[in-house]
Number of protein chains: 2
Amino acid sequence: METVSIAELIETKQHKELKGRLMDANAFDLAEEFESLNREQQAILFRSLPKNAAADVFSHLPAETKENLIGLLTDPELSHIVNDLFLDDAVDFIEEMPANVVKRVLKNASEDTRKQINQLLQYHEDSAGSIMTTEYVDLKEEMTVEEAFERIRRVGMDKETIYTCYVTDNKRVLDGVVTVRTLLLANGKDRVGNIMSANVLYATTGDDREAVASIFQKYDLIALPVVDTERHLVGIITVDDVMEVLEEENTEDFYKMAAIEPSDDPYLTSGVFQIAKKRIFWLLVLMLSGICTGGIITHYEMVLQSLPALIASIPMLMDTGGNAGAQSSTVIIRGMAVGELRVSDGLQIFWKELRVSALVGVALSAFNVAYKWCVSGDLRLSVAIGASLFATVVLAKTIGSMLPLLAKLLKADPALMAAPIITTLVDAGGLIIYFSVASLVLAA
Amino acid sequence: METVSIAELIETKQHKELKGRLMDANAFDLAEEFESLNREQQAILFRSLPKNAAADVFSHLPAETKENLIGLLTDPELSHIVNDLFLDDAVDFIEEMPANVVKRVLKNASEDTRKQINQLLQYHEDSAGSIMTTEYVDLKEEMTVEEAFERIRRVGMDKETIYTCYVTDNKRVLDGVVTVRTLLLANGKDRVGNIMSANVLYATTGDDREAVASIFQKYDLIALPVVDTERHLVGIITVDDVMEVLEEENTEDFYKMAAIEPSDDPYLTSGVFQIAKKRIFWLLVLMLSGICTGGIITHYEMVLQSLPALIASIPMLMDTGGNAGAQSSTVIIRGMAVGELRVSDGLQIFWKELRVSALVGVALSAFNVAYKWCVSGDLRLSVAIGASLFATVVLAKTIGSMLPLLAKLLKADPALMAAPIITTLVDAGGLIIYFSVASLVLAA
């Protein structure tokens, strides 16, 4: 059975069928429906949403669609949406909008919402504060389990998670945590203070959001409370936001490791100039290094003139050195990113990479010597190439593994010390080794 | 105040203090304590754990420590651990152990546990079945909310999550889902069938675990039910396992993109031969391509002899081409990995990369022509280099963006089409362009 599309239902004004369709649908799927509609259809669809679902759907729309909808909504409609959004979603949304839209949005927020949004907007975009929401269930130690459930039922509808509840004292200082699971398994007359866990993990508003994500991964959490410097509870972070952070951080690492400035903007809707701008800086820097590497070749022109056959192996040496270095830097950068490796493992890593590179270097060199000897019949030349390759691989893997650790030690981002930089350094080093070895062999 | 370390408490036989310390500690933190202890101390610490925490701590230990402990535990102790582990953790653990240990573990599992473990072991390691657990709360449509809570209280203690409950019919077919939140906000006399959501997202046992992770990300889930081909509920997947999957998949992509065969083994405890083995294959393949690229230079020996200054720019051309290509392939590979780009966007991507590469190419070439002209005073040579660089950048970005899409189209992994392969292809292409342009300019 072919179902009628939502666009058709809108065009043929089948409002009743439309509302029926929207009743049971998932907010994420509904948000996707907007993509195939034009501006007017988007507004009609949005107004047809069940009232309690509108804000949820809205939070999952792309920035463009949000901006378009806001332009078409009346002030009371807008006010309803803003006040109904989870606060962290409201903040994300406001950060995406141009200034004039932000102004209209904040004007239509309730005073309480506006105050909280402004509070959240102050946190640095990489901080725990920026991904937290202020909507959580708080309990008091004196409450009984029954009273706790009453409170959860009363305030829980609007909270992002109700499954972990936070116990605070009268000054809002975080004292403990209790899960709904514990509450359900406890006796109705038990005191919250007696069944809560006082050993509570928390983040501080200024903590780096990547560090927060690591805590979620290490302790398999669903939510984490966030406190200010005086341990007052100010918000919570939920696992869905952490998964987004992890995805963004991973993308950032992929970009940095490919010498691209990270960007949050989606590729397909980004302008060509904007994309080019993110790529040109590092290309230029690395091109300058490439020019310097070329200078090395010029420096050894005499050697090349007496043995032109040396030139043919330059690409092989440069490529292999770059690849060998990239392997090592990637393993170390990733190992540090997932918390498996630390700077203090440096010596162990150095020793391990030295042995790995020796093994790999011997294998690749042996192959190369044999091949070159067969093809050229020149054993001296073949040995010179083999020896250079070996030294280049060892150099590449040592530089590749040590530079990310050095970056970390200097509090820089290890991901910047990836393939492109390593390649450039190893190119220069490899060529110097190559020509020096060749000069020696020629002189012998 | 300096606290006494756990190792010291064990050595000085302060059993009471030790148990007190363990009472309130987090299972994840306790698991870390084992790292600093010797084998005998590990066994003492493990036996001192509160009985209900032992399995939880065990599941977070590294494979080595697990194997060591099992060697020291008695059969009844082992039996207690195995039966107390969450089933997905038990399966992970069994998959890490050598055959003789597995045999002993399964012998000491209860018949029911053994049956379920064997069932789970049958799923392919990349499938939804392999990361699910069979411990979930199932409800019936006829139950009232009160009866549902009774059931949750009765069976919930041993379940990995109780917050999402699954509603099945008498044949265990999945009918709906209801959260504890909904149950808490409902009236005690309501029927589960009336408040559940029948529009339930689920995975099938054979689904790829990466696809499952995408569903979690898209819909912000905490748990997802898994059904067999007849829609019988067989298990659930929880968000903590999905975060692990995402981390592993990202690591795999990083490794593939750096021409390393992916491996689950931790770096620090892996042998040197084992590590070298994962790296040597692709280095060898790429080295062969490098040798071929060298053949291109040899082929154009005549051109080089008449203008030796051409050599100096080879590293710059190769590096810049490789970097420009790596940028594009990384953006496309990552975009597909996070679901932002699809093969069907191919034309749009092609057109965008063409324009981006033209912009980037013009900027880099202009710089190069100006620089080379200043340094060498040879305008013809400078223009030849600039034109070659421009063509190389455009070629690099086109190949770099299209190859991952082609791989996806051919159902291969796009991550394999990353920097190293692109670099090799672009090296060859870039050199051919360079020498052809130089020949033309020389002939003119």
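Reader: What stands opposite A:Leu233 in β6(A)?
Author: A:Val227 stands opposite A:Leu233. This is a predicted model, in which local features need pLDDT of at least 70, side-chain atom pairs count only at pLDDT 80 or more, and totals for chains, interfaces and linings use all residues. Residues are numbered from 1 along each chain as its sequence is written, while chains are lettered from A and ligands numbered from 1 in the order in which they are written.

Reader: Why are β5 (residues 223–227) of chain A and β6(A) said to pair?
Author: Strands pair if DSSP finds at least two bridges between them. β5(A) and β6(A) have 5 bridges, in the antiparallel sense, so they pair. In their hairpin, with 5 residues between the strands, A:Arg231 has a positive phi near 65°.

Reader: Why is strand β6 (residues 233–238) of chain A called largely enclosed?
Author: A residue is buried if 20 or more other C-beta atoms, placed from the backbone, lie within 10 Å of its own (exposed if 12 or fewer, partly exposed in between). In β6(A), 6 of the 6 residues are buried, so the strand is largely enclosed by the rest of the structure.

Reader: What makes α19(B) roughly parallel to α21(B)?
Author: Angles under 35 degrees count as roughly parallel, over 145 as roughly antiparallel, 65 to 115 as roughly perpendicular and the rest as oblique. Helix α19 (residues 314–337) of chain B and helix α21 (residues 379–409) of chain B pack at about 30°, with axes 8 Å apart. That makes α19(B) roughly parallel to α21(B).

How values were computed:
Axes are lines fitted to C-alpha atoms, for helices over the stretch in contact, and angles run from 0 to 180 degrees between N-to-C directions. Helices (H or I, at least four residues) and strands (E, at least two) are DSSP runs, numbered from the N terminus.
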